[in-house]
Amino acid sequence: ENEVKTVFENEIYSSKSFSVLENSFKELYDLWRLGNFAEKIYCKSVMYQIYYQVVRSSLNAYVTKANRQKIEQIIEFISQNLENSELSVATLSEMCGSSEVHFRRLFNQIYHISPIKFISNLRIKKAKELLTTTPMKIWEISKICGFENQYDFAKKFKADTHLTPTEYRTQYYMK
């Protein structure tokens, strides 16, 4: 009991991760109560999901405050310079004062995603917003969102949303 208490004393849980754990435990309890063999096997799966959440949270707890602040500054820089198609891990790691490998590892440890995928996700999110709220041309949106050209934009947009930018706009445009 003391060991468990010590381990969890040092953990940092956001309200989101705590609610995920809470829901997993509720699901686990309901499954166990049903008692048949299939539900008990599924209980093991839910336990592994809980274990994953705990491990993921504990990895995040070992990032120093200084490193966390560096990465938060990088996130702010990325948000303000999203239209810059030259954003690269090399540039960002240099700004952070670390090697590319260390920067990638640190970024992934905090956000659980690679820096390149994070930038891509932000660009696609911004593109979706512009496609649904403005009548801007697609090439203008691709430029604002930092894509090399509208063809690269369309390819990446379709890979992410399974729709072309035009199809997405037709389906979701708010007039």
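Helix axes are lines fitted to C-alpha atoms, over the stretch in contact, and the angles between N-to-C directions run from 0 to 180 degrees. Helices (H or I, at least four residues) and strands (E, at least two) are DSSP runs, numbered from the N terminus. The model is predicted, so that local features need pLDDT of at least 70 and side-chain atom pairs count only at pLDDT 80 or more, while totals for chains, interfaces and linings use all residues. Residues are numbered from 1 along each chain as its sequence is written, and side-chain values use heavy atoms, with hydrogens and water left out.

**Overall composition**

The chain holds ten helices and zero strands. Of its 175 residues, 31% are buried, a term that means under 20% relative accessible area, with exposed over 50% and partly exposed in between (1.4 Å probe, protein chains only). The chain exposes about 12,000 Å², and carbon and sulfur atoms supply 55% of this area, which comes from the Shrake-Rupley method with a 1.4 Å probe. Contact means heavy atoms within 4.5 Å. Among the contacts with a separation of 6 or more, 58% are accounted for by residues 24 or more positions apart.

**Helix packing**

| Pair | Residues | Angle | Axis distance |
|---|---|---|---|
| α5 and α6 | 89-96 and 100-111 | about 85 degrees | 9 Å |
| α4 and α7 | 65-80 and 115-133 | roughly 40 degrees | within 11 Å |

Angles under 35 degrees count as roughly parallel, over 145 as roughly antiparallel, 65 to 115 as roughly perpendicular and the rest as oblique. Helices α5 and α6 are therefore roughly perpendicular to each other. In their contact, Val89, Ala90, Leu92, Ser93 and Cys96 of α5 meet Glu100, Phe103 and Arg104 of α6. These residues divide into five nonpolar, one polar and two charged. Here Ala, Val, Leu, Ile, Met, Phe, Trp, Tyr, Cys and Pro count as nonpolar, Asp, Glu, Lys and Arg as charged, and the others, Gly among them, as polar.

Helices α4 and α7 are therefore oblique to each other. Ile75, Ile78 and Ser79 of α4 meet Phe118, Ile119 and Leu122 of α7. This contact comprises five nonpolar residues, one polar and no charged.

**Two histidines with positive phi**

Most residues other than glycine have a negative phi. Histidine 112, however, has a positive phi of about 60 degrees. Histidine 112 lies in the loop between α6 and α7 and is partly exposed, with a relative accessible area of 31%. Histidine 162 has a positive phi near 65 degrees. Histidine 162 is found in the loop between α9 (150-161) and α10 (165-172) and is exposed, with a relative accessible area of 64%.
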